[in-house]
Amino acid sequence: MALPSLSFLFIFTSFVFSASHSIPFIVIHGIGDQCSNLGMKKFTQKLSSFSGSKGYCVEVGNGSWDSWFKPLKEQTEIVCEKVKQMTELKDGYNIVGLSQGNLIGRGVVEFCEGGPPVKNFISLAGPHAGTASVPLCGSGILCIIADKLIKGEVYSDYIQEHLAPSGYLKLPNAIPDYLVNCRFLPMLNNEIPEKRNSTYKERFSSLQNLVLIMFEHDTVLIPKETSWFGYYPDGYFKPVLAPQSTKLYIEDWIGLRTLDEAGKVHFIGVAGKHLGISEEDMKKHVVPYLKDQTSAEDSITKSRFRMRGVNQKVIQSNMKEQSQNVEVEPSITPLLDGSLSYWWSTPFKAFIGELIGIND
Ligand SMILES: *[C@@H]1O[C@H](CO)[C@@H](O)[C@H](O)[C@H]1NC(C)=O
Ligand SMILES: *[C@@H]1O[C@H](CO)[C@@H](O)[C@H](O)[C@H]1NC(C)=O
């Protein structure tokens, strides 16, 4: 009797492995970007060819414009509808989020009623715990006015309804106002005690892997540790709390702690500015989670082993490579440079102009 059941087990497991082969992924771009842009096309194509999995850039409305001005709740609803209609995703898929796109992706995981299951969530520079500043365009007078204006009115109905990033601007000196009037992040992070919804937590905790990539020289997200769910304490602009020291983590509002204690959260720091990921880091930190799970485990273990074993050699040979390739640098040239287009664009200028009445 033992033999038949064993062989059944064998057939069963090999069926499971082959069924989980090559899950597709979707990419959700950041603000001011769109799927038709060359950078996004290249990014999606590269991930697809490195991983051997099908990848789709999922657009929200007309792209760049809507990424600025459609409230994040609506953007999330659009992506939720799209993933439900994509039959390719019905057996599960992975999400790769870029910057603001991470909050939409997380919204899909937590809020999307009847959506296909999300397996791995790979976040590049996501403002998961909010961002505390509006790093606008620099020192021009219009920029200074716009910055002050947005900071002063960020939680007003008008800004909340018309400017997507106001949904995750979390000013540490205005927490009560933020909790009551900010329309997206407090809900996404289950921050409001009387409104915590265990369904959001349950869904988020069901991820297989959560990969949180922070860029060491990110000056767009304030603080950059928000990419790891680190943030300022309520009421203060310092110090930056480690993710494990925040209330969101300690009280486990959305299941981050549950995931972490199960070994499913990967806190990764990479060199570069906001979204400026190198091809090498893509291969090391993103691609393994997009491959089918059996070979993914294998290559993750191998790369860990390699790092421990020949760390010094790797560093030395990297330095050598870099000094030889000063002009070409194919592997360390970032594919995307989100910091350029992030906050400042022509439609945004027009929006600000209108707000302060200088367009007429
Ligand atoms: C994009 O769509 C919005 C409506 O969501 C519209 O107001 C805007 O004019 C469109 N912009 C472009 C550039 O097509
Ligand atoms: C929590 O969210 C789920 C899914 O959106 C919803 O069905 C449920 O009514 C919510 N529960 C509460 C207590 O708000």
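A residue counts as near a molecule or strand if its C-beta atom, placed from the backbone, lies within 6 Å of it. By that rule, ligand 1 is surrounded by Gly 61, Asn 62, Trp 65 and Asp 66. This is a predicted model, in which local features need pLDDT of at least 70 and side-chain atom pairs count only at pLDDT 80 or more, while totals for chains, interfaces and linings use all residues. Residues are numbered from 1 along each chain as its sequence is written, and chains are lettered from A and ligands numbered from 1 in the order in which they are written.

**The ligands**

- The shell around ligand 1 holds one nonpolar, two polar and one charged residue; here Ala, Val, Leu, Ile, Met, Phe, Trp, Tyr, Cys and Pro count as nonpolar, Asp, Glu, Lys and Arg as charged, and the others, Gly among them, as polar.
- Around ligand 2 you will find Phe 111, Glu 113, Asn 197 and Thr 199.
- The ligand 2 shell divides into one nonpolar, two polar and one charged residue.

**The sheet**

- Six strands form an open sheet in the order S2-S1-S3-S4-S5-S6, with parallel pairing; strands (E, at least two residues) and helices (H or I, at least four) are DSSP runs, numbered from the N terminus, and two strands pair if DSSP finds at least two bridges between them.
- At the edges are strand S2 (55–57) and strand S6 (265–270), each of which pairs on one side only.
- Neighbouring strands of this sheet are turned against each other by 15 degrees on average, direction ignored; axes are lines fitted to C-alpha atoms, for helices over the stretch in contact, and angles run from 0 to 180 degrees between N-to-C directions.
- Strand S1 (residues 25–28) runs parallel to S2 and is joined to it by three bridges.
- Ile 26 has Tyr 56 in S2 as its bridge partner.
- Helix H2 packs on the sheet, where it touches S1, S2 and strand S3 (93–98), and its direction makes about 165 degrees with that of S2; residues are in contact if their C-beta atoms, placed from the backbone, lie within 7 Å.

**Helix pairs**

- Two packed helices are described by the angle between their axes and the distance between the axes.
- For helix H2 (residues 38–51) and helix H13 (residues 279–290), the axes come within 9 Å and cross at roughly 70 degrees.
- H2 and H13 are therefore roughly perpendicular to each other, a label for angles of 65 to 115 degrees, with under 35 roughly parallel, over 145 roughly antiparallel and the rest oblique.
- Lys 46, Leu 47, Phe 50 and Ser 51 of H2 meet Met 282, Lys 283, Val 286, Val 287 and Leu 290 of H13.
- That contact of H2 with H13 has six nonpolar, one polar and two charged residues.
- Helix H4 (residues 72–85) packs with helix H5 (residues 101–111) at an angle of about 65 degrees, the axes being 9 Å apart.
- On the H4 side, the contact includes Leu 72, Val 79 and Val 83, and on the H5 side Leu 103, Ile 104 and Phe 111 are among the residues.
- The contact of H4 with H5 divides into eight nonpolar, three polar and no charged residues.

**Backbone features to look at**

- Most residues other than glycine have a negative phi, and most peptide bonds are trans.
- The peptide bond from Ile 222 to Pro 223 is cis, with omega near -10 degrees.
- Another cis bond runs from Lys 238 to Pro 239, with omega near -5 degrees.
- Pro 223 lies in the loop between strand S5 (209–215) and helix H11 (247–250), and Pro 239 lies in the loop between S5 and H11.
- Asn 190 has a positive phi of about 50 degrees although it is not a glycine.

Technical notes. Two residues are in contact if their C-beta atoms, placed from the backbone, lie within 7 Å.
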